[in-house]
Each structure stands twice: as structure tokens, then as C-alpha cells.
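Have the model open while you read.

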Amino acid sequence: MRTDLHRHLTSPLTAVRNLGILAHVDAGKTTVTERILYLTGATHKRGEVHDGTTVTDFDPQERDRGITIFAAAVSCSWDGHRINLIDTPGHVDFADEVERSLRVLDGAIAVFDAVAGVEPQSESVWRQADRYGVPRIAFVNKLDRAGADLDTAVESIRRRLHPAPLVVQMPIGREDGFTGVVDLLRMRALVWADGGGTAEEGPVPDALREETLRRRRLLEEAVAELHPSALEEFCAQAALGERTLRGALRDLTRTGEGVVVLCGSAYRNRGIEPLLDAVVAYLPSPLDVPAVRGTYDGAEQERKADPAAPFAALVFKVNATTTGRLTSLRVYSGTLRKGETVMDTGTRRTERVGRILRVRADRHTELDEAVAGDIVAVVGPKSARAGSTLCAPGAPLVLEPPTVAEPVVSVAVEARRSTDTDRLASALARLVEEDPSLAVRTDPETGQTVLSGMGELHLEVAVEKIRRAHGLDVGVGRPRVTYRETVARGVAGLVYRHVKQDGGAGQFAHVVLDVEPLEDGASGFEFRSAVVGGRVPQEYVRAVEAGCRDALSEGPLGGHPVTGLRVVLTDGATHPKDSSEMAFRTAGRFALREALRACVMVLLEPVAEVTVTVPDDAVGSVLGDLAARRGRVSGSTARAGATVVTATVPLAELFGYATRLRSRTQGRGAFATRPAGYSPAPHGTPTR
């Protein structure tokens, strides 16, 4: 039954569903979303990914690449219920978009490819949903493909994701012959004609009746094992009625003990109506999930999903455009009206909400108010970021923000025209504002602007966005690594005399230096004086130290900063008229430079401690790759079907590692890094 989208203001909270579409890339998420919008009357033409006509993949890069990059929110209605739907990315580089979306959702549809079953990113997004306790139902898509098999896909769900799959449908026909499904609860067949359209309902075909009864029995047994009330009825009557099954499936879905599994082919428009019915029947409304908890000034508070309660909302997405900022948020409690003032509890600033919009991807419908359970966008707040809490000024609250992953890949970016440098800085600031998983910094030593993100595709998309949206010609390169130089073997008794006479007062300074490496390869610089008898006054000793520090900025090997040495001033001499602090500072600088040229020097490269978590079947490949990157493995531990490897790897060798690790582990590997100082670089290492 289709209903008018604009009836939402009179809909009770029990008739609201906030859900996301989760899956591995190319499992069919966006096509499922398009068919839902078409069947609910929100669109009047079916969009296709390959044609670039989808509603949710509206960004030019999404249409060019044929994948979802940015989470997009849409609203529609089905059978008297309002559904707020977020289509999330499936590529691992954009997992942070999924994380922010899951934080504000009450339920999700996990889409699986009927040929591939559970794929690496399916597993990752499933674990993300586990962290937030989001109830899910599963939709096994693409049953019309060659090699599609529902039972194999369901077994992969059981084996790799570990919930109890509760299959409520059976396909009619295989591969090209897939025409419909049998509803195992109502024991009725649903068949779609070529081209989709409305399903024709009828009795179960005689040829499938025995298999249908067998699968119905398996469903009843699986539910009875997990649900106490269902078990009582099953023991008493040796069967479960449709009403009991529905109630038990709803309970098991919402507790996460089981996952209802449906099937179909979104591309052929088969199986979408039962999927929508399952969303309404099994996934929770805002009233069915626990009240949101927050804190303020150390005190914990709870807010129920009540339009009459004080207003509280969590920002999960910000779109910074040339015409203004669009702030997407989930309203957890209270009512927000156009023109009202809200407080950002992170900055403790109050801001006025100028407009409230119901979002449908890149299109918007004006609203006068938003109530608890709504997912809307607002125009007006200037300081809110993803993760910010907006609330009533008289009832402040801080909600837990979504987790932001640490960036793992970096590139150097620069404007090709020097006149565009300021515009590039502004564009990068806007990028980070929209996507918290991006980070921008200026390397204090190289002066490069470094953009960091979750993967090479993530950074490629970000840079392309700068080029398209801001019209900037941007160069991208490998970030330069900051090398150091150190003393391997020092010199003793180096004499340097600084004499300068060009009329008037001259300059005279005489110093004798010893240079030696610090113990145990320590970094830093030490200076001390061993001069006796006051041959060099104390103020001149300090000047010599300052001059030595000046000389540390450029070493003799490649002009890199020098570290890990001790300088001892052993002797010196002064002139009664021409000696000065400036003369001794100059002498100290040139003396140390000359001493370093006489020392045996070693080039140091930055290294990182890398912790790699990989599946057991990929450990050998990952260890080989670390060895090829000059990594030194320091340990490995087993952890629940995976191995955690710790190694020290030169920072210069980690460029591109995220992509290589994913390819070697089918996307299941993850790694984290932290700086681990410097170590000697191999002879002949290029440093420029």
C-alpha cells in the first residue's frame, strides 16, 4: 500500500523506520534503494547505476565511477509507515561514512550477492553495525545471476557473521529462471512478470510444495530454539502459527539473536515489496530502541523519543557548499521548529535554525518542524561538525559522537599556480569540515601540505572534488620523508679560529671542540663546557652553544637536521677588544660544521611501528610483503581467527601499503601505525 509522503507530521513514532542499506561494493545496495523509492511512489522512474540516473548516487564522481561514495539520505512511505533511508558506501575507503550513518540509525538492511555470499566489506560493515547494536535483516540479491544460490549465501552468513539466519522465503526458479519467491510464513507464492511490476500472489506450486514444507519446518525449529515463547508453543503443538512466528522473528531481530533472510533480484524488481513489508514488520521504530543517553558537566542524562521532551539531536553529516552549510541530523527527542535557537554543546554557542529540510539525496522539501525520530537537514548552524550535539539551550546534553578512524594514507598536495595557494587552503578546510576522516597538516620541515585519509581511492576522490568544485589545478605527489643525520664516530680537538677585521672593531673567537655520538643511539643534542681557568667567559660559552645549535639545521650528507650528538668545548681564547658574543656564536657555528665534515656520519630515516591484523590464511603473504618493505617483525599473536603482527617499517616504504594489504587479504586486513623514531638508512638511500 502506498501512502502520501507528506502525511509524516500526523504519523506516530511507531510508524517511523530509520534504516540504512549496508553491503560490500557492487552487491546492489543502490539498486535496492532505487527500487524502494520507485515502489513507494517517491520516484516515477527506475534509476540505474550503469546509466548514472540513480537518486542517491547524485555526485558526478559517483556516476562516473559507478559506486557509492557519499552516504545519501532519502525518505519515502510504505503501508502507512514513513521510512528514512540512508544508502551507504560499500568500498572500504569510505567506511567512515558508514560509521557516521550507523550511529543515527535504528535498523539496517544488509544486502548480499547471491553468488559471492559474504564478502570482505560485508563482514566489515556487519561488525560496525554490531558495535552500535543496530538490528538487521538480510536481503540476498542477484538471484537471477549465473551461479546464484540462496543456501550457499545463507551458509556464508552463518559461518562468517555468526548470527542465526532465519530464512523466511524460498526462491522460485534458478538463475535466469528466477521468477518469484514462496513466503514461508503465509505459505503463498509471489511471482513477478518480466519487467517487474506488482507481484501476483497465488498458492505454492505443487512441484515446490514438499520443499516448502521442509523449509517451513526448519524455520520453525530455528525460531523455537532461540525464542522461549515460541518454544512453548512448538513443544505443545509441534508447530508454530504465523502470528507466533512473526512476533518471534520481530523479537529476535531486535535483540540481534537472529537475522531474517529474504531474497530477490533488485535489478529485475523482484522481491522488493516483501522486503519493505519485512522492514515494517521486524525492524524497530524510534520507540522500540533504548532511550538515548548523554552527559553534561559529568552528569549522565537520558532522553526518550518524545516530541514533548527537550530538544536533542546529533549531527552526522555536514555539506559545506559555496551557497552555505547543510547540516544533517537525527532528532532523538523534542521538537525543532523553524526559526528556533539551538545550542551546540561542544562549542557552547547558540545558533538560529533558519530552515528545516526533508532530504531526498540532492533534493529538499521545506518543513516547519522536525520531531523525535526524524532525520532531517537544517540550514543556519555555522559551527556544528559531524558528531556535534545540538540541543535546547535550557536543557544542554552531549551525545556520544560516532567513532572517527585514524587516517592511514597521505599525499602531498599543492596548487600548481602560486596565486591559488590561499584558495587551496580554503578548499581543504571545507573538505575536512565535511569529512572528519580526512586530515590536513603542514609539515614543519618540508613545508608540504599533507592530506591524509582512509585509502588511496578516498584521497583520489577528495582531490578530484577540489578540482571539480573549486576549479583548482592541484598537483599530488608522494609526501617527502624527513631524514636526519647523526654522528657514528666523532672527532676530538678540532680547532677553529674566527678572525674578521674590516675597519673599526673586529671579530675574534678561538674555540676547540670535541664531537661524539650520544650513548645508545639517543636522539637530541647535548652541549657542555670543559674550559678551565676562565679562558672563555661564561657569556661566550653560551654563544658557542647557540652557534652549534644553528649548525645542527643542515648536516654534511644531504642538508638534513643533525641529531644524536654531544659537543664539548674544551678550550678557547679571547681578544680584549675584538671578542664578542656574536663572534663566538659565529665561531661555534662554523666550527661544528667543520667538525661534522670530519666525523663519520650516518643518514637516519623515520620508522613506524606497524600493527597489522590479518586473517590466518593471509599471514605468509603479509609477512613477505613486510620483508620486501624492509620491515623488521618484532612479534605476532593469535586473536580469534586472526593474527596480529607487529613490525618496524621505514616510513618511506609505507606509501601505498593500505591498498597492498587490502589486496593481499581480500579487504579483511587492517593496520595502524605510530611513529617509532629513526633508524640508520641503507647506503645509497635517495633523500631528495
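Leaving out neighbours within four places in sequence, Asp420 is in contact (heavy atoms within 4.5 Å) with Ala415 and Leu472. Asp420 sits in the loop between β25 (409–415) and α10. Helices here are DSSP runs of H or I with at least four residues, strands are runs of E with at least two, and both are numbered from the N terminus. Asp420 counts as buried because its relative accessibility is 5%; buried means under 20% relative accessible area, exposed over 50% and partly exposed in between, using a 1.4 Å probe and protein chains only.

A word on where this comes from: it's a predicted model, in which local features need pLDDT of at least 70 and side-chain atom pairs count only at pLDDT 80 or more, while totals for chains, interfaces and linings use all residues. Residues are numbered from 1 along each chain as its sequence is written, and side-chain values use heavy atoms, with hydrogens and water left out.

Not counting residues up to four places away in sequence, Val536 touches Val531, Val541, Leu569, Asp571, Gly572, Ala573 and Phe584. Take Ala573: it is 37 residues from Val536 in sequence, yet their C-alpha atoms are 6.2 Å apart.

Back to α10 (residues 421–434), whose axis comes within 11 Å of that of α11 (residues 456–470), crossing at roughly 120°. Axes are lines fitted to C-alpha atoms, for helices over the stretch in contact, with angles from 0 to 180 degrees between N-to-C directions. The two helices, α10 and α11, are therefore oblique to each other; under 35 degrees would be roughly parallel, over 145 roughly antiparallel, 65 to 115 roughly perpendicular, and the rest is oblique. On the α10 side, Arg423, Leu424, Ala427, Leu428, Arg430, Leu431 and Glu434 meet Ala462, Lys465, Ile466 and His470 of α11.

Then there's α8 (residues 242–255), with 14 residues. Its buried residues are Leu245, Gly247, Ala248, Leu249, Leu252 and Thr253. They pack against several elements, including β5 (136–141), α6 (206–226) and α9 (272–282).

Zooming out, the chain has 15 helices and 37 strands, and 53% of its 688 residues count as buried.

Key
The expected span of a helix is 1.5 Å times one less than its number of residues.
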